[in-house]
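Dear colleague,

Please find the structure below, handed over for your records.

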Amino acid sequence: KALAAPLDAQKVHIKPTGEVYYSHPAYTQLFNAAFGRLGWAIVPVGKAQYNGQTVVMPHLLYIHGRPAAFAYGEQQLMARA
C-alpha cells in the first residue's frame with residue numbers, strides 16, 4: 001500500500017536539467033513504511049566514475065536481503081570556494 005499511494009508533490013524536486021526526482025529523505029520514509037526500517041538497503045556495487053563535474057555510481061536496491069533493482073546514482077560536484 002505504501003508504494004501504491006500517491007507521492008507527496010512537495011517532496012518531488014526538478015533539477016535544472018528538467019529531471020524529476022524524489023529526495024533521499026522522502027524515499028527513505030517511503031521505503032521504511034513499505035519494507036520496515038531494516039528491510040531494504042541501497043548498496044554501491046562498483047567504483048565511482050567521473051565525467052567532468054559529475055560523479056556516477058552504480059547501486060543495487062536490496063529488499064529483505066534480495067536484489068530488486070539496479071540504478072546509477074549521479075551527482076554534480078561542487079566547486080570549492
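Ala 41 is found in strand S3, which spans residues 40-44; helices (H or I, at least four residues) and strands (E, at least two) are DSSP runs, numbered from the N terminus. The model is a predicted one, in which local features need pLDDT of at least 70 and side-chain atom pairs count only at pLDDT 80 or more, while totals for chains, interfaces and linings use all residues. Residues are numbered from 1 along each chain as its sequence is written, and side-chain values use heavy atoms, with hydrogens and water left out.

With a relative accessible area of 30%, Ala 41 is partly exposed; buried means under 20% relative accessible area, exposed over 50%, and partly exposed in between (1.4 Å probe, protein chains only). Ala 41 touches Leu 60, Leu 61 and Tyr 62, not counting residues up to four places away in sequence, where contact means heavy atoms within 4.5 Å. From C-alpha to C-alpha, Ala 41 and Leu 60 are 8.1 Å apart in space, and they are 19 residues apart in sequence.

Leu 61 leads on to the core. The largest nonpolar core has 7 residues in all, namely Tyr 22, Ala 26, Leu 30, Phe 31, Phe 35, Trp 40 and Leu 61. Helix H1 (residues 24-35) gives the most to this core, with 4 residues. A nonpolar core is here a set of buried Ala, Val, Leu, Ile, Met, Phe, Trp, Tyr and Cys residues joined through side-chain atoms within 4.5 Å. In soluble globular proteins, nonpolar side chains tend to be buried together. Leaving aside neighbours within four places in sequence, Leu 61 is in contact with Phe 31, Trp 40, Ala 41, Ile 42, Arg 66, Pro 67, Ala 68 and Ala 69.

Two loops may be taken next. Gly 39 is found in the loop between H1 and S3, and with 6% relative accessibility Gly 39 counts as buried. Its contacts, apart from neighbours within four places in sequence, are Tyr 62, Ile 63 and His 64. His 64 itself is placed in the loop between S5 and strand S6 (66-76). At 57% relative accessibility, His 64 counts as exposed. Although His 64 is not a glycine, it has a positive phi of about 50°.

Thr 54 is found in strand S5 (residues 54-63) and counts as buried, at 14% relative accessibility. Not counting residues up to four places away in sequence, Thr 54 touches Gln 49, Glu 74, Gln 75 and Gln 76. The side chain of Thr 54 also makes a polar contact with the side chain of Gln 76, at 2.5 Å. A polar contact is a pair of N or O atoms within 3.5 Å; within protein, one must be able to donate a hydrogen and the other to accept it, and residues adjacent in sequence count only if both atoms are side-chain atoms. Gly 73 lies in strand S6 and is partly exposed, with a relative accessible area of 29%. Gly 73 touches Val 55, Val 56, Met 57 and His 59, not counting residues up to four places away in sequence. Gly 73 and His 59 are 14 residues apart in sequence and 6.9 Å apart in space, C-alpha to C-alpha.

Ser 23 counts as buried, at 16% relative accessibility, and it touches Lys 11 and His 13, not counting residues up to four places away in sequence. Gly 39 and Ser 23 are 16 residues apart in sequence and 19 Å apart in space, C-alpha to C-alpha. Asp 8 is found in the segment before S1 and is partly exposed, with a relative accessible area of 33%.

Ile 14 lies in strand S1 (residues 12-14) and is exposed, with a relative accessible area of 60%. Together, Leu 7, Val 12, Ile 14 and Val 20 make a nonpolar surface patch of about 370 Å². Patches are made of residues with over 30% relative accessible area and no salt bridge, like charges being joined within 9 Å and nonpolar side chains (Val, Leu, Ile, Met, Phe, Trp, Tyr) within 5 Å. A salt bridge is a side-chain nitrogen of Lys or Arg within 4 Å of a carboxyl oxygen of Asp or Glu. Accessible areas come from the Shrake-Rupley method with a 1.4 Å probe; for residues, only the protein chains shown count as cover.

Yours sincerely
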